[in-house]
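Please look through the sequence and the model shown below before reading on. The report that follows takes up a pair of helices, then a sheet, and then a single residue.

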Amino acid sequence: LVHFSVFGKVFPSHVAAVQSSVLNGNRTVVYADDEWQDGIGGRIDSSVELRPYTLGIRKDFQQSIYRIESVLEEGGWYCDIDVIVLRRLPEPETFTVGLEIRDCPCAGVFGAPPGHAVTRRWSEKLSAVGEEDFLHHTDQNLLHTCLDDTCRIMPPVTFNYLSMTDFFGRARLTAEQREMVERESWVVHYYCKSWLSKWAWWAAVLPWRSTWKLCLAAPMPGMP
């Protein structure tokens, strides 16, 4: 089970992220606001479970709450909407998260069984912060305070290889890097909004579409 959470305008990169999960055999759930659901049309597989949510003034805070609560309730994996899934993800046996470039756990991809104690502590701490005091990395910083010896911490290549290599949305990797990603990575995380860089979605979609034959279920505007 893979959870995504998104709001606002639909980008082709969002379609690629969701489809990559489905096409690798993962049950896929997307929590989305009305604008995103209205805009997605028929561009994602019909098996995707679209679940509505209502966001208030601080959409980023509420989105963080949703992503933690979804894994707490149902288990499985949460992936940011800038993540390409490369394989069928295993059922997490404990709270699992990956390191990134600064050798700290990144909250953009994590998994846990339903009701895990670490997920619950994280949810409680974030809810206690409230919207007014929430900053961009508040949820990630709080996660670091919740981890314990029961957690599984994965190396950067598993979830955050592009962060480790300081990729920042560039349009190509070396042949050796691609081989390593194919062999060892579970997902590819285009962090720091590289979906929205000057390369736009070309930098994000095309390398993985050609290398791993990521077949999108419906054509996207502008795709040759």
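## Two helices in contact

In this predicted model, helix 4, which covers residues 117-129, packs against helix 5, residues 138-146, at an angle of about 135°, and the axes of the two helices are 9 Å apart. Because angles over 145 degrees count as roughly antiparallel and those from 65 to 115 as roughly perpendicular, this angle makes helix 4 oblique to helix 5. The crossing in which helix 4 passes helix 5 is right-handed.

On the side of helix 4, the residues that meet helix 5 are Val118, Arg121, Trp122, Lys125, Leu126 and Val129, and their counterparts in helix 5 are Thr138, Asp139, Leu142, Leu143, Thr145 and Cys146. Sorted by class, the contact of helix 4 with helix 5 contains 7 nonpolar, 2 polar and 3 charged residues.

## The sheet and its edges

The model also has an open sheet of 7 strands, arranged in the order 3-2-1-4-7-6-8, in which the pairing is mixed. Strand 3 (49-52) and strand 8 (152-154) stand at the edges and have a single partner strand each, so one side of each is left without a neighbour in the sheet. On average, and with direction ignored, neighbouring strands of this sheet are turned by 25° against each other.

At one end of the strand order, strand 6 (residues 96-99) and strand 8 run parallel and are joined by 3 bridges. Within this part of the sheet, Gly98 stands opposite Met154, a residue of strand 8.

How many residues of strand 2 are buried? The count is 5 of the 5 residues, so strand 2 is largely enclosed by the rest of the structure.

Helix 3 (residues 59-74) lies across strand 1 (2-6), strand 2 (28-32), strand 3, strand 4 (76-79) and strand 7 (105-112), and it runs at about 30° to strand 7.

Glu73 belongs to helix 3. Is Glu73 buried or exposed? With a relative accessible area of 65%, Glu73 is exposed, because over 50% counts as exposed. Glu73 and Arg120 are 47 residues apart in sequence, and their C-alpha atoms are 9.5 Å apart in space.

Conventions:
Residues numbered from 1 in each chain as written. Predicted model: local features only at pLDDT ≥ 70, side-chain atom pairs only at ≥ 80, totals over all residues. Heavy atoms only, no water. Axes fitted to C-alpha atoms, helices over the stretch in contact; angles between N-to-C directions. Helix = DSSP H or I, 4+ residues; strand = E, 2+ residues; numbered from the N terminus. Parallel < 35°, antiparallel > 145°, perpendicular 65-115°, else oblique. Left-handed = near helix turned anticlockwise from the far one by under 90°. Contact = heavy atoms within 4.5 Å. Nonpolar A, V, L, I, M, F, W, Y, C, P; charged D, E, K, R; others polar. Pairing = 2+ DSSP bridges. Buried < 20%, exposed > 50% of the residue type's maximum accessible area, 1.4 Å probe, protein only.
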